[in-house]
Amino acid sequence: MEASQSPTVDRQILNPESNANSIASVGPLWPTVDGPLGLSEADAVTYARRFYKFGFALLPWLWAINCFYFWPVLRHRRSFPQIRRYVLGSAIGLTAFTILLCSWALTFAIGGESLFGTSWNQLVMYNLADKWGLTGWN
């Protein structure tokens, strides 16, 4: 049995590109994470474009969905170039939004009144809600 397998193994070692069944050498077959159950390539371009554009309407969670759903496109550089530009743009937009949101939250959490001075009381939401009577903390 070893003698019959060794010529095949030797050919694969000498010429690794001869193995046409390797998925890694081909790249993704489908643009979505759900594989053959997902969208066709034409529909995928439409959805990726919509998610990308609507992400600019202050809906960055759509960028996150776009990155997750089209993960095979984002992972493999040379696959589905029409879809890739929208998914890559969504990934960049999501990263920028996350950095801005975290820096804003950390600025308020760490800086607080020592950073903003007397205007701090007008910036915090719990004081605003209390001022308008929305808390019920009488």
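At 0% relative accessibility, Phe70 counts as buried. Phe70 sits in the loop between H4 and H5, in a predicted model whose protein chain has 8 helices and 0 strands.

**The chain as a whole**

- Read along the sequence, the protein chain follows the pattern α-α-α-α-α-α-α-α.
- Of the 138 residues in the protein chain, 24% are buried.
- Among contacts between residues at least 6 apart in sequence, 46% join residues at least 24 apart.

**H3 with H4**

- Two packed helices are described by the angle between their axes and the distance between the axes.
- Helix H3 covers residues 41–55 and helix H4 covers residues 61–69; their axes come within 7 Å and cross at roughly 155°.
- H3 and H4 are therefore roughly antiparallel to each other, since angles over 145 degrees count as roughly antiparallel.
- H3 passes H4 in a left-handed crossing.
- On the H3 side the contact is made by Ala48, Phe51, Tyr52, Phe54 and Gly55, and on the H4 side by Leu62, Trp63, Ile65 and Asn66.
- By class, this contact of H3 with H4 has 7 nonpolar, 2 polar and no charged residues.

**H3 with H6**

- H3 and H6 pack at an angle of about 25°, and their axes are 9 Å apart.
- That angle makes H3 roughly parallel to H6, because angles under 35 degrees count as roughly parallel.
- The crossing of H3 and H6 is left-handed.
- In H3, the residues Glu41, Ala44, Val45, Ala48, Arg49 and Tyr52 meet Gln82, Ile83, Tyr86, Val87, Gly89 and Ser90 in H6.
- The contact of H3 with H6 has, by class, 7 nonpolar, 3 polar and 2 charged residues.

**H4 with H6**

- The axes of H4 and H6 are 8 Å apart, and the two helices pack at an angle of about 130°.
- H4 and H6 are therefore oblique to each other.
- The crossing of H4 and H6 is left-handed.
- From H4, the residues Trp63, Ala64, Asn66 and Cys67 make the contact, together with Tyr86, Val87, Ser90, Ala91, Gly93 and Leu94 of H6.
- This contact of H4 with H6 has 7 nonpolar, 3 polar and no charged residues by class.

**Helix H6 and its end**

- Helix H6 covers residues 81–116 and bends by about 65° at Ile110.
- The buried residues in H6 are Ile83, Arg84, Tyr86, Val87, Gly89, Ser90, Ala91, Gly93, Gly111 and Gly112.
- Just after H6, Gly117 takes a positive phi of about 70°.

- Leaving aside neighbours within four places in sequence, Phe70 is in contact with Pro31, Thr32, Leu39, Ala44, Tyr47, Ala48, Ile83 and Val87.
- Phe70 and Val87 are 17 residues apart in sequence, and their C-alpha atoms are 6.9 Å apart in space.

**Asn66, in helix H4**

- Asn66 is found in helix H4 and, at 0% relative accessibility, counts as buried.
- Neighbours within four places in sequence aside, Asn66 is in contact with Ala48, Phe51, Tyr52, Tyr86, Val87 and Ser90.
- Asn66 takes part in the contact of H3 with H4 and in the contact of H4 with H6.

**Arg84, in helix H6**

- Arg84 lies in helix H6.
- Arg84 is buried because its relative accessible area is 16%, and buried means under 20%.
- Not counting residues up to four places away in sequence, Arg84 touches Val73, Leu74, His76, Arg77 and Ser79.
- Arg84 and Leu74 are 10 residues apart in sequence and 6.4 Å apart in space, C-alpha to C-alpha.

**Phe80, in the loop between H5 and H6**

- Phe80 lies in the loop between helix H5 (71–75) and H6.
- Phe80 is buried, with a relative accessible area of 14%.
- Most residues other than glycine have a negative phi.
- Phe80 is not glycine, and its phi is positive, near 50°.

Key:
Residues numbered from 1 in each chain as written. Predicted model: local features only at pLDDT ≥ 70, side-chain atom pairs only at ≥ 80, totals over all residues. Heavy atoms only, no water. Axes fitted to C-alpha atoms, helices over the stretch in contact; angles between N-to-C directions. Helix = DSSP H or I, 4+ residues; strand = E, 2+ residues; numbered from the N terminus. Parallel < 35°, antiparallel > 145°, perpendicular 65-115°, else oblique. Left-handed = near helix turned anticlockwise from the far one by under 90°. Contact = heavy atoms within 4.5 Å. Nonpolar A, V, L, I, M, F, W, Y, C, P; charged D, E, K, R; others polar. Bend = angle between axes of the 7 residues up to and from the residue. Buried < 20%, exposed > 50% of the residue type's maximum accessible area, 1.4 Å probe, protein only.
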